[in-house]
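Take a look at the chain and its ligand below.

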Amino acid sequence: MDDPEADFNLKVVLISFKQCLNEKEEVLLDHYINSWKGLVRFLNSLGAVFSFISKDVVSKLQIMEHLRNSPQYEHYTSLQSMVAYEVGNKLVDIDRRSRSRYPNSGCRTVLRLHRALRWLQLFLEGLRTSSEDARTSTLCSDAYNATLAAYHSWIVRQAVTVAFCALPTRKVFLETMNVGSSEQAVEMLGEALPFIEHVYNVSQTLYAEHSLLDLP
Ligand SMILES: CCCCCCCC/C=C\CCCCCCCC(=O)N[C@@H](COP(=O)(O)O)[C@H](O)/C=C/CCCCCCCCCCCCC
């Protein structure tokens, strides 16, 4: 009998980011949501100390799934169509004073995931290029401080710092990816990271073109 857990590994999840872009370089939201669901599955496997993080990601994925299942679902096929629809119809809170009108817009919700994708990219790149005795908590907090920390409150930053201390060693981390030895995991990261980088860069350009990078 097939064992779904045996086939589930981080390579499958990271390579799935390749499918997020079509030939027109549009970011397809169904694939984007599915790739994030795979990441959440990994996060959950790291222990309950990370559950406050995974709950936040899940709530954002639920917002996006809700939009995908709404009568306006066609506008939420890609990041590009979503931005055109929400910006064109003024369905996005652009500054803090209007923050509460559209708290669940697709643009602000994906922006949070988009920033986290940059954290993931830097963290996995750190794992890939670091020495065997590198501390994962340091790699993780360096990536966090360079990306998400600027957008988080003091209390969230404290909670995140505590959670980082619970991370396994680099070797265990690489083995948790379920792609073979730590050397094979490093090789896989080199192969898969460009897909994440590509999705990140296309999204970043789109958000920058529409001045959406600071949505409250
Ligand atoms: C075996 C290798 C596994 C590697 C795979 C790791 C899987 C990563 C999965 C998820 C990454 C974390 C995603 C964090 C999303 C944060 C979104 C965010 O910024 N939310 C804040 C703002 O939202 P709004 O309030 O404006 O709606 C929210 O305030 C924050 C909530 C708390 C959680 C934030 C923690 C972010 C820490 C990132 C490091 C995660 C460490 C995971 C360890 C591998």
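This is a predicted model. Start with the shell of residues around the ligand. Its members divide into 21 nonpolar, 2 polar and 2 charged. Which residues come nearest to the ligand? Of the 25 residues around it, they are Leu39, Leu43, Asp56, Arg112 and Ala116.

At least two residues each come from α3 (29–45), α4 (51–68), α6 (106–129), α7 (136–146), α8 (154–164) and α9 (170–176).

Gly106, Cys107, Arg108, Thr109, Val110 and Leu111 are among its buried residues. Further along, His114, Ala116, Leu117, Phe123, Leu124 and Leu127 are buried too. What covers them? The cover includes α4, α5 (79–88), α7, α9 and α10 (182–209).

Finally, step back to the whole chain. It has 10 helices and 0 strands. Of its 216 residues, 26% count as buried. Its C-alpha atoms fill a box of roughly 50 × 45 × 30 Å along the principal axes. A compact globule of 216 residues would have a radius of gyration near 17 Å; the chain has 18 Å, which agrees. Look at the contacts as well. Count those between residues at least 6 apart in sequence: 67% of them join residues at least 24 apart.

Conventions: Residues are numbered from 1 along each chain as its sequence is written. This is a predicted model: local features need pLDDT of at least 70, side-chain atom pairs count only at pLDDT 80 or more; totals for chains, interfaces and linings use all residues. Helices (H or I, at least four residues) and strands (E, at least two) are DSSP runs, numbered from the N terminus. The radius of gyration is taken over C-alpha atoms; the globule rule is 2.2 Å times the number of residues to the power 0.38. A residue is buried if 20 or more other C-beta atoms lie within 10 Å of its own, exposed if 12 or fewer, and partly exposed in between; C-beta atoms are placed from the backbone. Two residues are in contact if their C-beta atoms, placed from the backbone, lie within 7 Å. A residue is near a molecule or strand if its C-beta atom, placed from the backbone, lies within 6 Å of it. Ala, Val, Leu, Ile, Met, Phe, Trp, Tyr, Cys and Pro count as nonpolar, Asp, Glu, Lys and Arg as charged, and the others, Gly among them, as polar.
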